[in-house]
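Hi,

Here is the structure I promised to pass on to you. Have a look through it first, and then read my notes below.

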Amino acid sequence: MSELLPNYRIQVLLPLPLSGVLDYLVPEELILREGDFVTVPLSGREVQGVVWNSNPEESDVPLDKLKYVIRKTDLPSLPESLMKFISWVAGYTLSPLGSVLKMALSVPRKFDKPKKKTLYKLASELPDKLSPARTRIKETAVGNMPLTVKSWCEIAAVGEGVVRGMIKAGQLISVEVSGEENFLKPDIGLKRAILSGEQSKAAEHIVQQQRKGIFKAVLLEGVTGSGKTEVYFESIAEALRDNVAQILILVPEISLTTQWLERFRERFGAEPAIWHSEMTPAQRRRVWWATIRGEARVIVGARSALFLPFQHLKLVIVDEEHSTTFKQDEGVMYNGRDMAVVRAKQMNCPVVLASATPSLETLINAESGKYDWLYLGERHGPAELPDMMSVDLKAEPLKHGSWISETLRDALNENYKNGEQSLLYLNRRGYAPLTLCRSCGHRMECPNCSAWLVEHSQFNRLECHHCGFRRHKPEICPQCEAENSLVPVGPGVERVAEEIATLFPDARLAVMSSDEISSSKALKRMIESIERHEVDFIIGTQIVTKGYHFPMLTLVGVIDADLGMSGADPRAAERTWQQLEQVAGRAGRAEHAGRVIFQTYQPNHPVLQALISGDKDLFLEREAASRESQNLPPFGKLASLIVSGPDKNKVIGANKALASKAPHSKNLKILGPVPAPLSYLRGKYRYRFLVKADVNVNLQNEIRHWLDQLPSQPSVKIQIDIDPYSFY
Ligand code: ADP
Ligand code: ZN
């Protein structure tokens with residue numbers, strides 16, 4: 001037996017946090033290739049894995065110690081391109097290979113066979129008179145699209161009763177499908193926009209890159225409302241002429257893009273495949289299968305869609321490429337935008353990075369000629385860019401307990417009288433960021449984190465936004481026991497809404513924050529109600545900066561433009577500029593002119609100067625110069641190591657050991673350890689090292705070598721973050 005064995009040894013990668021592959025033997029009757037799914041034994045269990053190497057070199061594991069592969073799973077094999085991408089991401093982020101595979105295979109029950117299903121399509125003949133709800137269904141239906149009852153409810157925002165009623169009346173006709181619901185083929189000729197000169201030039205450029213079938217990164221920069229979406233829709237339509245092409249569009253937070261999906265449906269007469277974390281297992285499975293079979297042609301998703309098993313990826317688009325939500329902040333810490341560029345490069349196709357406020361990293365790549373650079377400078381149609389001004393709160397102090405200056409209040413009043421919509425922006429959830437005892441000064445803090453509890457007026461609750469801890473707001477101070485002495489300090493969106501309600505008792509308000517909007521359905525309802533002009537004032541957190549188009553919105557008031565300017569984050573100023581520019585971009589997107597008012601204590605801050613003058617180039621040049629002088633990204637490399645654990649002494653011990661072995665050279669410096677800004681989080685003490693290096697240093701190698709010298713300790717966790725975006 002032993003003579004035969006060497007030919008039959010393979011290496012299998014398991015979706016477990018293991019850094020390497022495991023060796024197994026192949027039974028004689030099986031033929032296995034790389035990418036095949038297999039079931040193997042592991043410590044008495046059966047585990048699914050992927051054949052990673054079918055012809056490994058000699059290994060130290062003696063053959064008679066090896067176990068046999070149990071069976072081959074009946075699944076299409078993992079495309080080689082995805083295996084390559086998984087390996088690359090693991091190497092770059094210093095994550096265990098198995099953890100990245102696990103992420104790529106996060107499709108529950110993907111091994112199940114799909115069940116039979118009943119879908120419903122619109123009857124070809126419908127009565128002329130239909131109820132408003134039924135009309136909604138009729139109007140939402142594009143072409144012959146059969147859908148589940150649930151999908152109809154979602155798409156047309158109607159109750160299940162309406163759909164069932166139409167089925168009964170023969171207005172919706174059942175279609176039996178075996179297996180998964182197919183994705184309809186996008187209809188590329190359906191509803192072409194007539195592009196402006198600069199729009200068609202941009203679209204043409206992307207199409208040309210796409211036809212060449214080689215890798216190229218393209219920055220599509222355009223002021224808010226300039227038609228970037230129309231431009232890349234056009235390039236998607238062109239790419240779809242290739243009958244097998246698959247196209248991936250990454251968006252910051254898929255559940256926040258109902259307007260986008262509607263536009264897509266109108267343009268292509270079909271829904272794209274959607275991929276995000278809130279999906280049900282059945283929905284995930286459907287998209288995963290449709291992708292690996294090459295049936296899903298257009299996939300729009302959150303960053304994890306990069307790990308879908310594409311067969312013929314021909315174009316990648318990253319919308320709002322500056323968005324920090326592309327960075328995954330736990331587990332495998334990767335940046336979806338950067339990895340999209342890598343994925344495109346490996347697949348030999350172009351990648352388009354679209355934004356009104358591109359990241360400095362991308363701008364510098366465009367400036368140096370590494371990326372192509374397309375620019376749209378005009379808003380579509382009659383829309384003009386809004387007028388911007390700041391209110392200096394030092395010169396015009398706020399009244400006690402008020403967050404709206406007189407200037408802003410007058411503007412809101414005028415807008416309201418004119419019947420136009422106003423948006424108040426404050427990136428803070430809840431009622432007040434801090435609750436304090438008037439008698440003894442005690443601050444209400446989270447027991448698990450070094451953070452204040454945020455007051456939420458609904459249910460009279462205090463909440464930790466880091467760990468989710470909640471408690472009822474106490475009647476007496478837990479420290480001095482004074483009664484009724486706990487007072488809210490500072491504003492959150494709920495408190496601003498309260499002030500607006502007092503100022504404009506008859507006005508209709510909508511608060512847009514993740515507390516109010518618990519589902520994408522709720523969000524859809526709110527957006528539609530704003531579109532129908534059932535709302536006069538919108539008070540929102542950064543949810544509202546996400547690319548919405550509200551034609552009647554003409555005034556944006558920023559309650560606290562200084563929020564987020566300071567802190568340990570080297571990108572603080574850039575990020576504040578991006579957020580404020582984006583929220584300002586919501587104003588005046590149709591025929592009515594828009595106006596933006598920033599309330600600030602620092603009217604001379606470069607961020608505000610850049611916004612108001614419209615001269616962002618000077619600001620970005622200065623940002624770039626300052627980062628270059630400090631050797632910060634993209635001019636230098638940066639990584640952060642968070643050392644954490646429940647036992648403070650053990651964490652400090654680990655810090656000392658790490659510090660003693662820390663590499664230092666002319667090109668690489670290690671700063672720390674220092675307590676992280678959030679020095680206690682979810683019951684764990686946290687310290688941070690920062691690794692700064694020149695661009696030519698192999699940061700991953702240095703860090704790997706450094707950590708390899710230390711024994712691992714189960715009670716202390718070391719989290720490595722390459723290119724960190726989070727500094728708390
Ligand atoms: P951006 O993505 O740059 O913010 P959008 O693509 O959302 O801009 O365009 C802003 C608005 O202008 C949208 O309502 C869009 O439908 C409209 N629009 C842009 N370009 C055109 C065009 N060429 N024809 C018709 N409508 C357009
Ligand atoms: Zn907490």
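Pro 634 sits in the loop between α17 (616–629) and β26 (636–645); helices here are DSSP runs of H or I with at least four residues, strands are runs of E with at least two, and both are numbered from the N terminus. The peptide bond that leads from Pro 633 into Pro 634 is cis, with omega near 0 degrees. There is also a cis bond between Gly 672 and Pro 673, where omega is about 10 degrees. Pro 673 has its place in strand β27 (residues 668–681). While you're looking at the backbone, check Asn 460: its phi is near 50 degrees, a positive value in a residue other than glycine. You'll find Asn 460 in the loop between β18 (454–456) and β19 (461–463).

Some ground rules before the rest. This is a predicted model, where local features need pLDDT of at least 70 and side-chain atom pairs count only at pLDDT 80 or more, while totals for chains, interfaces and linings use all residues. Residues are numbered from 1 along each chain as its sequence is written, chains are lettered from A and ligands numbered from 1 in the order in which they are written, and side-chain values use heavy atoms, with hydrogens and water left out.

Now the ligand. Which residues come nearest to ligand 1? Of the 16 around it, they are Ile 194, Gly 225, Lys 228, Thr 229 and Arg 263 (a residue is near if one of its heavy atoms lies within 4 Å). Helix α7 (residues 228–239) gives the most to this shell, three residues. By class, the shell has four nonpolar, eight polar and four charged residues (nonpolar means Ala, Val, Leu, Ile, Met, Phe, Trp, Tyr, Cys and Pro; charged means Asp, Glu, Lys and Arg; the others, Gly among them, are polar).

Some atom pairs to look up: a backbone N or O atom of Ile 194 is 2.8 Å from a nitrogen atom of ligand 1, and an N or O atom in the side chain of Gln 199 is 2.9 Å from a nitrogen atom of the ligand. A backbone N or O atom of Gly 225 lies 2.9 Å from an oxygen atom of ligand 1. Taken alone, ligand 1 exposes 550 Å², and the protein buries 80% of that (Shrake-Rupley method, 1.4 Å probe).

Last, the domains, with bounds from an automatic or database assignment. The chain is divided into several, among them domain 1 (9–104), domain 3 (197–376) and domain 4 (387–428 + 491–623). The C-alpha centres of domain 1 and domain 4 lie 51 Å apart.

Happy exploring!

Conventions
Polar contact = N/O pair within 3.5 Å; in protein donor to acceptor, adjacent residues only side chain to side chain.
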